[in-house]
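User: Could you walk me through this fold with a few quick questions and answers?

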Amino acid sequence: MTKTLDLHGIKHAEVDRLVENFVLLNSPPLNIITGNSQTMQEIVIRCLLKHSIKFVRWDSGVLKIL
């Protein structure tokens with residue numbers, strides 16, 4: 001089963017730490033649900049790129065870690 005991090009209701013200031021811990025402590029494949037917030041998506045993508053983690057946009061509001 002694919003582990004999922006749902007960021008609905010999470011404050012933008014907390015997202016970087018949550019995403020970093022989630023992707024570094026779990027093995028792919030993983031899902032990150034960002035919702036439709038452009039700001040939330042940008043924060044998550046910036047964190048993934050910082051760690052050279054490959055991802056794809058799946059649906060609007062979902063990123064899949066490969």
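User: Which loop holds Pro29?

Analyst: This is a predicted model, where local features need pLDDT of at least 70, side-chain atom pairs count only at pLDDT 80 or more, and totals for chains, interfaces and linings use all residues. Residues are numbered from 1 along each chain as its sequence is written, and side-chain values use heavy atoms, with hydrogens and water left out. Helices (H or I, at least four residues) and strands (E, at least two) are DSSP runs numbered from the N terminus. On that numbering, Pro29 sits in the loop between helix 1 (12-25) and strand 2 (30-33).

User: What is omega for the bond that joins Pro28 and Pro29?

Analyst: Most residues other than glycine have a negative phi, and most peptide bonds are trans. The bond between Pro28 and Pro29 is cis instead, with omega at about 5°.

User: What is the order of the strands in the open sheet?

Analyst: Two strands pair if DSSP finds at least two bridges between them. Here four strands make an open sheet with mixed pairing, and the order is 1-2-4-3.

User: Which strands does helix 2 touch?

Analyst: Contact means heavy atoms within 4.5 Å. Helix 1 lies across strand 1, strand 2 and strand 4, at about 165° to strand 2. Helix 2 also packs on the sheet, its direction making about 160° with that of strand 3, and it touches strand 2, strand 3 and strand 4.

User: How many residues lie between strand 3 and strand 4 in their hairpin?

Analyst: Strand 3 (residues 55-58) pairs with strand 4 (residues 62-65) in the antiparallel sense, over four bridges. Val56 has Lys64 as its bridge partner, and Trp58 stands opposite Val62. The number of residues between the two strands is three.

User: How far is the charged end of Lys64 from the centre of the Trp58 ring?

Analyst: A charge sits over a ring if NZ of Lys or CZ of Arg is within 6 Å of the ring centre and within 35 degrees of the ring normal. Lys64 sits over the ring of Trp58 in that way, and the distance to the centre is 4.9 Å.

User: Is Asp59 buried or exposed?

Analyst: Asp59, in the loop between strand 3 and strand 4, has a positive phi of about 50° although it is not a glycine. Buried means under 20% relative accessible area, exposed over 50%, partly exposed in between (1.4 Å probe, protein chains only). With a relative accessible area of 64%, Asp59 is exposed.

User: What is the relative accessibility of Ser52?

Analyst: Ser52 belongs to the loop between helix 2 (38-50) and strand 3, and its phi is positive, near 55°. Ser52 counts as exposed, at a relative accessibility of 66%.

Notes
Axes fitted to C-alpha atoms, helices over the stretch in contact; angles between N-to-C directions.
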